[in-house]
Amino acid sequence: MILAVAVIFAVNIFVIALAQKASADLYKRGMSGDMVAEIQTRLKNWGYYDGAVDGIFGSRTEKAVKYFQRTNNLAVDGQVGDKTLAALGITPTGSGGGGSSGGGSGDVNLLARLISAEARGEPYEGQVAVGAVVLNRVDHASFPNTISDVIYQSGAFSCLYDGQFDEPVAESAYRAAQDALNGWDPSGGAVYYFNPATATSAWIWSRPLIVEIGKHRFCA
């Protein structure tokens, strides 16, 4: 009898541990902590949230999450799970890891979405080059210092405003994102690129050309 009780107790502890692990990357109303503050910061920086960054997941944070999810074609439930974390550029680790240029899954997914939207149909080398431009901006003093902040910087990429960013991500874009994160830079260190067939800005035409790949000119 004692042995049976001990076994049942051990199984219950194991099940509870699994449940906790499974929900470790789910943030929802009523929760608090550093990760909630990070989520609020991302949402606030990108115009989805206008409340205080207090680390408390309240109704205003929930509303902002739903707004972000709706805009990014995610399931609109107001809860921040792995997919929403990835879209925010936060690596879903269960321990509060944030997105940067280090190559976490959140970085790969977000960078792949940008590459697919900006360079769909371009040669593979050109897709990697677009990803490299994002990473070069992360390392450049004139730009934000995380992949997500570079991508969501106001006016930085037209695909965020013309609907392309919300299109399905091409499989090649995931490989291109990983290659860029691994250090391949076909752009030669570029921090800008543009399509000469559609660009009307005199300023972008003034940027020093580094290389042309497909339809894009990559510039310093």
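This is a predicted model: local features need pLDDT of at least 70, side-chain atom pairs count only at pLDDT 80 or more; totals for chains, interfaces and linings use all residues.
Biologist: Why is Thr 71 called partly exposed?

Modeller: Its relative accessible area is 31%. Buried means under 20% and exposed means over 50%. Thr 71 is in between, so it is partly exposed.

Biologist: Where does Thr 71 lie?

Modeller: In helix α3, residues 59-71. Its side chain reaches the backbone oxygen of Tyr 67 at 2.9 Å.

Biologist: Which residues does Thr 71 contact, leaving aside neighbours within four places in sequence?

Modeller: Tyr 48 and Asp 166. Tyr 48 is 23 residues away in sequence, and the C-alpha atoms are 9.7 Å apart.

Biologist: What about Asn 72: why is that residue called buried?

Modeller: Asn 72 has a relative accessible area of 7%. That is under 20%, so Asn 72 counts as buried. Asn 72 lies in the loop between α3 and α4. Its side chain reaches the backbone oxygen of Phe 68 at 2.8 Å. Beyond neighbours within four places in sequence, Asn 72 is in contact with Tyr 48, Tyr 152, Phe 165 and Asp 166.

Biologist: How do you know that the charged end of Arg 113 sits over the ring of Phe 165?

Modeller: The distance to the ring centre is 5.9 Å. The cut-off is 6 Å, together with a limit of 35 degrees from the ring normal. Arg 113 is listed as sitting over the ring.

Biologist: How many aromatic pairs does the structure hold?

Modeller: There are 11. In one of them, Tyr 192 and Trp 203 have ring centres 5.1 Å apart and planes at 85°.

Biologist: Why is that pair called edge-to-face?

Modeller: The centres must lie within 6.5 Å, and 5.1 Å meets that. Planes over 60 degrees apart count as edge-to-face, so 85° settles the label. The pair links strand β1 to helix α9, 11 residues apart.

Biologist: Are these two residues buried or partly exposed?

Modeller: Tyr 192 has 18%, under the 20% limit, so Tyr 192 is buried. Trp 203 has 44%, so Trp 203 is partly exposed.

Biologist: Which elements give two or more residues to the lining of the largest pocket?

Modeller: α5, β1 and α9. The pocket has a volume of about 580 Å³.

Key. Residues are numbered from 1 along each chain as its sequence is written. Side-chain values use heavy atoms; hydrogens and water are left out. Helices (H or I, at least four residues) and strands (E, at least two) are DSSP runs, numbered from the N terminus. Buried means under 20% relative accessible area, exposed over 50%, partly exposed in between (1.4 Å probe, protein chains only). Contact means heavy atoms within 4.5 Å. A polar contact is a pair of N or O atoms within 3.5 Å; within protein, one must be able to donate a hydrogen and the other to accept it, and residues adjacent in sequence count only if both atoms are side-chain atoms. Rings of Phe, Tyr and Trp (its six-membered ring) pair if their centres lie within 6.5 Å; planes under 30 degrees apart count as stacked, over 60 as edge-to-face and the rest as tilted. On a 1 Å grid over the protein atoms alone, a cavity is a set of points where a 1.4 Å probe fits but cannot get out, and a pocket is an open set with protein on both sides within 12 Å along at least five of seven lines; lining residues have an atom within 4 Å of a point. Grid points are joined across faces, edges and corners, and a volume is the space filled by probe spheres set on the points.
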